[in-house]
Amino acid sequence: MTGIAIEVEGLTKRFGSKTVVDDFSMAVPKGAIYGFLGPNGSGKTTTIRMMCGLLKPDSGTGQALGYDILKQPREIKSRVGYMTQKFSLYGDLTVRENLDFMARLHALPDTRSVVDAALEEYNLTPRARQMADTLSGGWKQRLALAAASLHSPGLLLLDEPTAGVDPKARRDFWDRIRKLSRAGVTVLVSTHYMDEAVQCDFIAYIAYGRKLIDAPSDEIAARVGLHTWRIEGKGLQPVQDALEKADGVDQIARFGSAMHVSGKDADKLERAVRQFEGREGLTVSEAKTGLEEAFIYLMTGAEDNFS
Amino acid sequence: MMASLSRVLAVLMKEFIQMRRDRLTFAMMIGIPLVQLLLFGYAINTDPRHLPTLVELGDDGPAVRAIIQGMETSAYFDIQGMIAPGETDDALRTNETTFILVVPPNFERDLLRGEQPDILLDVDASDPVAAGAGAGAFPQIVASATAEYGSGAAAAATPVIHRRYNPAGETAMNIVPGLLGIILTMTMAMMTSMALTKEAERGTLETLLATPTRPLEVMAGKIAPYVLVGAMQVILMLLAARYLFGVPFLGGAGAFIIAVALFILVNLSLGFLFSTLARTQMQAMQMTFFVFLPSILLSGFMFPFAGMPGWARFLGEMIPTTHFIRAVRSIMLKGADMADVWPSLWPLMITFAVIATLALTRYRRTLD
Ligand SMILES: Nc1ncnc2c1ncn2[C@@H]1O[C@H](COP(=O)(O)OP(=O)(O)OP(=O)(O)O)[C@@H](O)[C@H]1O
Ligand SMILES: [Mg+2]
């Protein structure tokens with residue numbers, strides 16, 4: 001078991017009559033960056049909360065860092081850093097006061113130097129005396145990460161840490177995640193961004209409370225078994241209209257002057273796209289199936305048990 | 001620019017929808033006036049009657065019986081029994097009785113001899129409103145009961161009224177100690193309940209719950225600062241009472257400090273309990289108001305406790321403020337000590353134990 005940071009088995013959570021997380025199982029290897037993806041309302045936040053003892057599952061078992069998520073929430077809480085989806089530090093405390101408060105709640109020895117180090121590490125020192133409420137979105141996230149990792153947790157649960165943050169700040173944030181990971185911290189991170197998903201070692205995709213797939217991120221596409229072709233050029237709309245009805249084409253994604261045509265049946269798909277080969281102004285080439293295509297394909301196959 | 005009726009309607013509809021969703025607020029809006037109306041209408045009696053009265057019978061005879069009879073029929077006095085000469089002070093100090101009729105030895109004989117003997121009414125005047133009407137009626141009752149013994153215009157007996165604890169009958173004497181209870185009730189319960197609900201409302205509770213902090217640690221840490229605030233309020237009010245209104249402080253400081261500490265704890269734990277029930281700060285505030293109202297009306301703060309009907313007194317006994325005000329008035333105005341106010345202290349202790357336990361069991365360790 002030493003290689004596993006989180007392992008949950010059959011987690012189920014209902015709110016009223018709605019099953020929000022349904023028989024969910026997963027294992028996160030120690031030291032990995034584990035991506036947690038899925039559409040809005042699919043149960044990511046709920047699952048993360050159950051993992052750190054903030055919500056009681058209706059059924060299922062699990063352990064985090066070797067502690068039972070049902071019976072030992074306090075042990076887990078003192079070893080896990082949890083960054084909430086919604087900023088939930090104290091807006092009417094300064095940056096330093098917030099960190100100081102968190103350090104004391106975790107009963108860290110020598111609070112002052114811990115907080116100083118965190119301020120330095122996250123470049124927050126110039127803003128130490130600023131009220132948390134007045135920070136911009138990117139800085140709030142940075143403060144939240146600093147607060148969540150203050151007590152050097154072995155496991156970080158980050159719930160959409162980069163939502164609404166600009167690209168540069170996001171890149172910056174991921175540099176930090178990778179740095180923490182290199183230091184041996186296991187990271188479970190939920191996100192809606194595909195460019196972040198590809199940076200994860202593993203990905204679990206969840207929809208309507210059910211896990212649809214989990215695999216190393218570079219194997220997802222192969223597991224889904226989707227093949228993709230790329231058509232580039234001008235006047236793509238009639239091509240798209242034609243392909244949508246074509247046999248073997250399961251899904252089409254447009255990107256400005258290009259489109260990705262994907263399908264499960266490689267031969268049929270190839271036949272369908274090849275008819276446009278050689279048309280004036282169009283180039284047709286085989287492409288790698290991206291995560292986005294794979295997930296969208298998974299989604300259309302998933303039943304909607306919410307509606 | 002013209003106001004658009006449809007936009008007015010849109011806002012109006014939205015308000016109604018929100019009002020309906022917030023059931024608690026809605027219930028309070030209906031409930032508070034109703035409670036107020038009932039309490040004012042039925043419980044409150046600004047001309048209190050049937051106040052407890054004891055008789056120290058130094059003599060007996062037809063005249064004495066006529067006086068007692070007259071007091072009973074006046075409806076101001078409720079003669080509850082006899083009392084031995086040495087016990088009158090205790091009975092008044094411990095709020096056992098409001099009036100003591102003292103019939104001196106040889107009263108009948110002196111009366112017959114035309115010596116116009118004194119007949120004494122000891123009055124607990126710490127609440128001047130409560131005792132005022134009865135004391136005011138007493139001379140007339142004595143005069144008519146002894147009229148046949150008199151000769152002409154001269155009264156046969158001399159009624160003497162002895163106002164204890166507040167001889168000048170100043171209302172400030174009574175109101176200031178009571179106000180202590182009311183202000184502590186209001187601020188302590190409201191501040192804690194709102195401070196805690198704020199955490200849930202702003203989402204910071206999730207941060208707090210995600211740390212290994214225990215419920216008791218949160219409760220103690222949240223409550224402690226307000227204990228200090230409460231202590232400051234008490235000190236300020238005591239100083240104001242003493243130097244602005246000349247209210248004396250006759251009793252034991254130890255008993256006072258214990259009463260105040262207990263009462264602050266009761267209200268803080270009540271606030272904590274409210275915070276586990278309310279989802280928003282608004283609701284928390286309304287809950288405290290719901291307790292605050294009867295605390296003003298039924299605790300004996302505004303209207304004499306002894307003058308209320310039985311069911312209102314029963315409700316009043318359930319309210320911590322009632323016991324606190326009773327204890328503090330006795331301590332400050334009557335020089336009561338620990339033993340005297342014990343009957344008011346143990347209910348506070350029990351209330352605290354019950355509310356704190358409830359609050360701690362209701363405190364959520366998870367977000368469920
Ligand atoms: N306290 C609650 N009471 C009732 N329903 C809830 C509660 N919390 C969450 N839900 C519902 O559970 C479902 C899953 O919510 P959850 O927040 O876990 O999704 P998510 O995957 O994190 O979504 P997002 O990507 O938008 O953050 C949603 O339909 C949500 O409305
Ligand atoms: Mg979420």
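Which residue is the bridge partner of Thr228(A) in β13(A)? The views below come from a predicted model, and the opening legend takes up this pairing.

**View 1. Strand β11 of chain A with its partners β13 and β14 of chain A**. Let us begin with the opening question: Thr228(A) has Ser262(A) as its bridge partner in β13(A). The two strands involved, β11 (residues 227-233) and β13 (residues 258-263) of chain A, run antiparallel and are joined by six bridges. β11(A) also pairs with β14 (residues 282-287) of chain A, again in the antiparallel sense and over six bridges.

**View 2. The open six-stranded sheet of chain A**. Reading across the sheet, the strands follow the order β6-β7-β8-β3-β9-β10, and their pairing is mixed. The edges are taken by β6 (80-83) and β10 (210-216) of chain A, each of which pairs on one side only. On average, neighbouring strands here are turned by 15° against each other, with direction ignored. For a closer look inside the sheet, pick out β3 (residues 33-37) and β9 (residues 202-207) of chain A, which pair in the parallel sense over four bridges. Tyr34(A) is a handy landmark, standing opposite Phe202(A) in β9(A).

**View 3. Helices α5 and α6 of chain A against the strands**. Helix α5 (residues 137-148) of chain A lies across β6 and β7 (155-159) of chain A, and runs at about 160° to β6(A). Helix α6 (residues 167-182) of chain A packs on the sheet as well, where it touches β3, β6, β7 and β8 (186-190) of chain A. The direction of α6(A) makes about 130° with that of β3(A).

**View 4. Helix α3 of chain A packed with α5(A)**. Here α3 (residues 95-105) of chain A meets α5(A) at an angle of about 25°, and the two axes are 9 Å apart. Because of that angle, α3(A) counts as roughly parallel to α5(A). The crossing of the pair is right-handed. On the α3(A) side you will find Val95(A), Leu99(A) and Met102(A), which meet Leu143(A), Ala146(A) and Ala147(A) in α5(A). Sorted by class, this contact has six nonpolar residues, with no polar and no charged ones.

**View 5. The open four-stranded sheet of chain A**. Its strands come in the order β2-β1-β4-β5, with antiparallel pairing. At the edges stand β2 (18-29) and β5 (67-68) of chain A, each with a single partner strand, so one side of each has no neighbour in the sheet. Eight bridges link β1 (residues 4-15) of chain A to β2(A) in the antiparallel sense. Within this pairing, take Arg14(A) as your guide: its bridge partner in β2(A) is Thr19(A).

**View 6. The domains of chains A and B**. In chain A, the domain assignment gives domain 1 (4-221) and domain 2 (227-288). The C-alpha centres of these two domains of chain A lie 39 Å apart. Chain B is divided into domain 1 (51-164) and domain 2 (171-367). For chain B, the C-alpha centres of domain 1 and domain 2 lie 39 Å apart. The contact between them takes 12 residues from domain 1 of chain B and 12 residues from domain 2 of chain B.

Conventions: Residues are numbered from 1 along each chain as its sequence is written. Chains are lettered from A and ligands numbered from 1 in the order in which they are written. This is a predicted model: local features need pLDDT of at least 70, side-chain atom pairs count only at pLDDT 80 or more; totals for chains, interfaces and linings use all residues. Side-chain values use heavy atoms; hydrogens and water are left out. Two strands pair if DSSP finds at least two bridges between them. Axes are lines fitted to C-alpha atoms, for helices over the stretch in contact, and angles run from 0 to 180 degrees between N-to-C directions. Contact means heavy atoms within 4.5 Å. Angles under 35 degrees count as roughly parallel, over 145 as roughly antiparallel, 65 to 115 as roughly perpendicular and the rest as oblique. A crossing is left-handed if the near helix is turned anticlockwise from the far one by less than a right angle, and right-handed if clockwise. Ala, Val, Leu, Ile, Met, Phe, Trp, Tyr, Cys and Pro count as nonpolar, Asp, Glu, Lys and Arg as charged, and the others, Gly among them, as polar. Domain bounds come from an automatic or database domain assignment.
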